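Please open the model in your viewer and display the protein chain together with the ligand.

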Amino acid sequence: MLKFDISSQHPLRSSILSLQDKCLEMFSDKNFTLKAYDRIEIVFDDPKVSPFFIDWTSGKWAWRLKHSGKHSEAVARAVIGKHKDPVVVDATAGVGRDSLVLQSAGAVVSMFERNPLVWLLLADAKERALENSEFVDNFEHGLPNLMPYGTYIDYVKEHKDFLPDVVYFDPMFPPREKSAQVKKEMQVFHSIVGKDEDSFAYAQELMHHAKRRVVIKRPARAEPLFPCSYSVDGKACHFDCYAVLAN
Ligand SMILES: C[S@@+](CC[C@H](N)C(=O)[O-])C[C@H]1O[C@@H](n2cnc3c(N)ncnc32)[C@H](O)[C@@H]1O
């Protein structure tokens, strides 16, 4: 079963405690511990599985963020296009990579995440990243804004005036990447998140909550969830863009 091991000094202790019951409900059948000391991490009972945590500031990923042409990333071309400083909702934050690409390319991003464990890992990744001024300096508008735990649609029910230019949606689909390392990392992430079975209905709902467009990421060989205005091709995926006419 899920266990907790939290330092009494941890800055996110109260957030962890407020999401503890939800985590216990969702992960009663999982054999891991949420540990919160220097960082928040998921430590598996099986010693062969490495602990899982989110780190925005080091490794291959951080290098790519720093050195890639910001607008050459397909997600930035699809979501930002020619707009200057658009307000973007990332409705499926995950480990926050797409949000960071978009924010570093000039968007002002608000991230939403409905998995309580992923939300806590993300909140911790942001806290630790904020301590690294060299990393933060990559972002004209600071780091993306992590919104309160929950979904974008639940948020707009309470905040009716909040209307971003673009909503980005990247629900969970099976990993295709070839490298063994990526596979392992993705397998662990999948074991925490599972499948997003409600993607189709949720995507349709999103169409009513963007000013300009909704962008949906899909695997390379998958059809768009429903017919789109146009598509931008990425490496192992495509970004289907839906012009929003109603707003
Ligand atoms: C494929 S991952 C997103 C990866 C992300 N684009 C990134 O770059 O790290 C999907 C994530 O969205 C979350 N999610 C799925 N549907 C959601 C919804 N309706 N509202 C909030 N979060 C959602 C899942 O819990 C999961 O963490």
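This is a predicted model: local features need pLDDT of at least 70, side-chain atom pairs count only at pLDDT 80 or more; totals for chains, interfaces and linings use all residues.

Keep the entire chain selected and colour it by secondary structure. Nine helices and 10 strands are present in the protein chain. Along the principal axes, the C-alpha atoms occupy a box of roughly 50 × 40 × 40 Å. The radius of gyration of the protein chain is 18 Å, which agrees with the value near 18 Å for a compact globule of 247 residues. Of these 247 residues, 31% are buried.

Next, select helix α1, residues 13–26, and helix α5, residues 116–130. How far apart are the axes of α1 and α5, and at what angle do the helices pack? The axes lie 9 Å apart, and the packing angle is about 150°. Because angles over 145 degrees count as roughly antiparallel, α1 is roughly antiparallel to α5. Now show the side chains at this contact: α1 contributes Ser15, Ile16, Leu19, Lys22, Cys23 and Met26, while α5 contributes Pro116, Leu117, Leu120 and Ala123. By class, the residues of this contact comprise eight nonpolar, one polar and one charged.

Finally, centre the view on the ligand. Which residues are the closest to the ligand? They are Thr92, Gly94, Arg97, Asp98 and Asn115, from a total of 19 residues that surround the ligand. The shell around the ligand consists of eight nonpolar, five polar and six charged residues.

Notes
Residues are numbered from 1 along each chain as its sequence is written. Axes are lines fitted to C-alpha atoms, for helices over the stretch in contact, and angles run from 0 to 180 degrees between N-to-C directions. Helices (H or I, at least four residues) and strands (E, at least two) are DSSP runs, numbered from the N terminus. Angles under 35 degrees count as roughly parallel, over 145 as roughly antiparallel, 65 to 115 as roughly perpendicular and the rest as oblique. Two residues are in contact if their C-beta atoms, placed from the backbone, lie within 7 Å. Ala, Val, Leu, Ile, Met, Phe, Trp, Tyr, Cys and Pro count as nonpolar, Asp, Glu, Lys and Arg as charged, and the others, Gly among them, as polar. A residue is near a molecule or strand if its C-beta atom, placed from the backbone, lies within 6 Å of it. The radius of gyration is taken over C-alpha atoms; the globule rule is 2.2 Å times the number of residues to the power 0.38. A residue is buried if 20 or more other C-beta atoms lie within 10 Å of its own, exposed if 12 or fewer, and partly exposed in between; C-beta atoms are placed from the backbone.
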